[in-house]
Amino acid sequence: MPDASAATTTLLTVADLHGWYGESHILHGMNFEIRQGEVVTLLGRNGAGKTTTLRGIMGMLGRAQGSIQFEGHEMRGLASNKIAKHGIAYCPEERGIFASLSVEENLTLPPIVRPGGMTVPEIYEIFPNLLERRKSPGTKLSGGEQQMLAIGRILRTGASLLLFDEPSEGLAPVIVQRIGEVIRALKAKGFTILLVEQNFRFASTVADRHYVVEHGTVIDMIKNSEIGANADKLHTYLGV
Amino acid sequence: MYVIPLLGIPPQVLFGQLLLGLINGAFYAMLSLGLAVIFGLLNIINFAHGALYMMGAFCAYFLLNVLGIGYWPALIVAPIMVGIFGMILERTMLQWLSGLDHLYGLLLTFGIALIVQGVFQNYFGSSGLPYAIPDELKGGMNLGFMFLPIYRGWVVVFSLIVCLLTWFLIERTRLGANLRAATENPTLVRAFGINVPRMITLTYGLGVGLAALAGVLSAPINQVRPLMGADLIIVVFAVVVIGGMGSIMGSIITGFALGIIEGLTKYFYPEASNTVVFVLMVLVLLVKPSGLTGRAT
């Protein structure tokens, strides 16, 4: 587990990242960094390249250029299973719960890559619903429970950087609130989190800083503490 | 012994056909099991399966006649050797087909089957080579209602155990959970840190090994012939279609059930025994296109 007090070391540096889906050039030179223990969001409209950035970090794009430094090691060009082994874990937007696996099998699927991850009982403590349903098939869960499973699943592995892709999407307000509490609890435990969000209101309750993404590049960075002063600017960026 | 004639045919014949059906069913089950696992993870319709089954039988033959290694070690050695051959095929050829249409895998594996069978036919002709039943399994038992050749009973029981062990491995273990997950979403499983390409190679090796094991089991019954797999594989594909591609237990049950149905048809209406599986396939496809136990995709 990373030490939360060491919040000044840079954990992840993304520099001039370009990414493609087939022939279409999606990322046009993304630049941002995350310090240890921070919660940072990528905000932006649909199709701005936020999800593609996460997939790029995870090595899941067919083609990418630029640099992704994690703990001083270059990740770009590594196979995604190697990247996971370095200690980055990914929670996809579609949640990726496996229908042919039980809740518990889903939870214990990602292998432990480093010591210091949470134990299964600790994860059930955060998400008691999962304990009750641990023998059910993964896709028999409600949307909120599936999201909790998708988050819980990557806490075991010992990864220090967690990538969350729109964890609040399509969930009832009370569940979104619960997920916000969980993210704050994970930050308190020392996890570093990169969050992709469209829901700016939700993002502002959990994050330290926000990167605004448009057309595959970062166009602005706003500290959460200065968000009030930048409200107009954000409204223009996000078009809400 | 007193014989009750049924449709004018003694019951010994009925049980004989049932046993034959069970044995065929055992081979159907082991082969369709491998096909289902391979299709699930690799998305490849492995037309080379029959040729690999044949290679298992030939491997046992060579082990015995060249190296003097008998039936019992061959049960382990032949599947491993043919499995390794399969893994080389996967690494050198099949892996490049991932993401392409099913047709490419089907054509490639069909071509591999033709080449392998052609090579064996060139050297060994079309007639069968004998492979003796091991001494421990020679002879038979009179069960009262029928005479049971011990080797045939052994094939049925052993295949059933192998099928159930495979089911257990895939449905009840951690390794199996990784395999099931990778079947659903290989990209995400890989992003969790699991080496999916290696898993794909090993899975292909497992499926091929099962086919080779069936080949070794069949060697003393059917003789060792270059085209032994080509004859069988068409029926096995019908079995897979009926059972549904995605299901392990479905493949096992359908394999045995269709063997039995074939056996019964041989008894009651022999003229239809070669077509009954295909008639059933058509009926199942009309009613449930994803197969009896298959998940609709």
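Which helix of chain B has the highest confidence, and in which strand of chain B is confidence lowest? Colour the model, which is a predicted one, by pLDDT and select chain B: the highest mean, 97, belongs to helix α3 (residues 71–92) of chain B, whereas the lowest, 84, belongs to strand β1 (residues 140–142) of chain B. Taken over the chain, the mean pLDDT of chain B is 90, with 96% of its residues at 70 or more. For the complex, the predictor reports an ipTM of 0.91 and a pTM of 0.88.

**Chain A by confidence**

Select chain A next, where the mean pLDDT is 92 and 97% of the residues reach 70 or more. Within chain A, confidence is highest in strand β7 (residues 161–165), at 97, and lowest in helix α9 (residues 231–238), at a mean of 86. Then pick out residues 1–7 of chain A, over which the pLDDT is below 50, although this stretch has 17 contacts in the model beyond near neighbours in sequence. Where pLDDT is low, the predicted coordinates should not be read in detail.

**Strand β1 of chain A**

Move on to strand β1 of chain A and select L11(A), which lies in that strand. L11(A) is buried, because 24 other C-beta atoms lie within 10 Å. If you then display its surroundings, leaving aside neighbours within four places in sequence, you will find L11(A) in contact with I34(A), R35(A), Q36(A), F70(A), E71(A), L161(A) and T192(A).

D16(A) is not a glycine, but its phi is positive, at about 45°. Most residues other than glycine have a negative phi. D16(A) counts as partly exposed, because it has 13 C-beta neighbours inside 10 Å.

**Two exposed residues of chain A**

Now select E23(A), in the loop between β1 and β2 (24–35) of chain A. Is E23(A) buried or exposed? With 6 C-beta neighbours inside 10 Å, E23(A) counts as exposed. A distance drawn from the C-alpha atom of E23(A) to that of Y237(A), 214 residues apart along the chain, spans 27 Å.

Then go to A231(A), which is placed in helix α9 of chain A. A231(A) is exposed as well, since 11 other C-beta atoms lie within 10 Å of its own. Between the C-alpha atoms of A231(A) and E93(A), which are 138 residues apart along the chain, the separation is 26 Å.

**Helix α1 of chain B**

Return to chain B and select helix α1 (residues 11–42), whose 32 residues reach 45 Å from the first C-alpha to the last, close to the 46 Å expected at 1.5 Å a residue. Directly after α1(B) comes N43(B), with a positive phi near 60°.

**Helices α5 and α6 of chain B**

Two packed helices are described by the angle between their axes and the distance between the axes. Select helix α5 (residues 150–172) and helix α6 (residues 174–184) of chain B, which pack at an angle of about 70° with their axes 5 Å apart. That angle makes α5(B) roughly perpendicular to α6(B). To see the contact itself, show L169(B), I170(B), E171(B) and R172(B) in α5(B), which meet L175(B), G176(B), L179(B) and R180(B) in α6(B). By class, the residues of this contact are 4 nonpolar, 1 polar and 3 charged.

**Where the chains meet**

With both chains shown, select the contact between them, to which chain B gives 15 residues and chain A gives 18 residues. On the side of chain B that touches chain A, α6 and α7 (186–191) of chain B each supply at least two residues, and the largest share, 5 residues, comes from α6(B). This side of chain B is made up of 7 nonpolar, 5 polar and 3 charged residues.

**A last stop in chain B**

Finish at Q223(B), in the loop between α8 (196–222) and α9 (228–243) of chain B. Q223(B) is a residue other than glycine with a positive phi, near 65°, and with 15 C-beta neighbours inside 10 Å, Q223(B) counts as partly exposed.

How values were computed: Residues are numbered from 1 along each chain as its sequence is written. Chains are lettered from A and ligands numbered from 1 in the order in which they are written. This is a predicted model: local features need pLDDT of at least 70, side-chain atom pairs count only at pLDDT 80 or more; totals for chains, interfaces and linings use all residues. Axes are lines fitted to C-alpha atoms, for helices over the stretch in contact, and angles run from 0 to 180 degrees between N-to-C directions. Helices (H or I, at least four residues) and strands (E, at least two) are DSSP runs, numbered from the N terminus. Angles under 35 degrees count as roughly parallel, over 145 as roughly antiparallel, 65 to 115 as roughly perpendicular and the rest as oblique. Two residues are in contact if their C-beta atoms, placed from the backbone, lie within 7 Å. Ala, Val, Leu, Ile, Met, Phe, Trp, Tyr, Cys and Pro count as nonpolar, Asp, Glu, Lys and Arg as charged, and the others, Gly among them, as polar. pLDDT is the predictor's confidence in each residue, from 0 to 100. The expected span of a helix is 1.5 Å times one less than its number of residues. A residue is buried if 20 or more other C-beta atoms lie within 10 Å of its own, exposed if 12 or fewer, and partly exposed in between; C-beta atoms are placed from the backbone.
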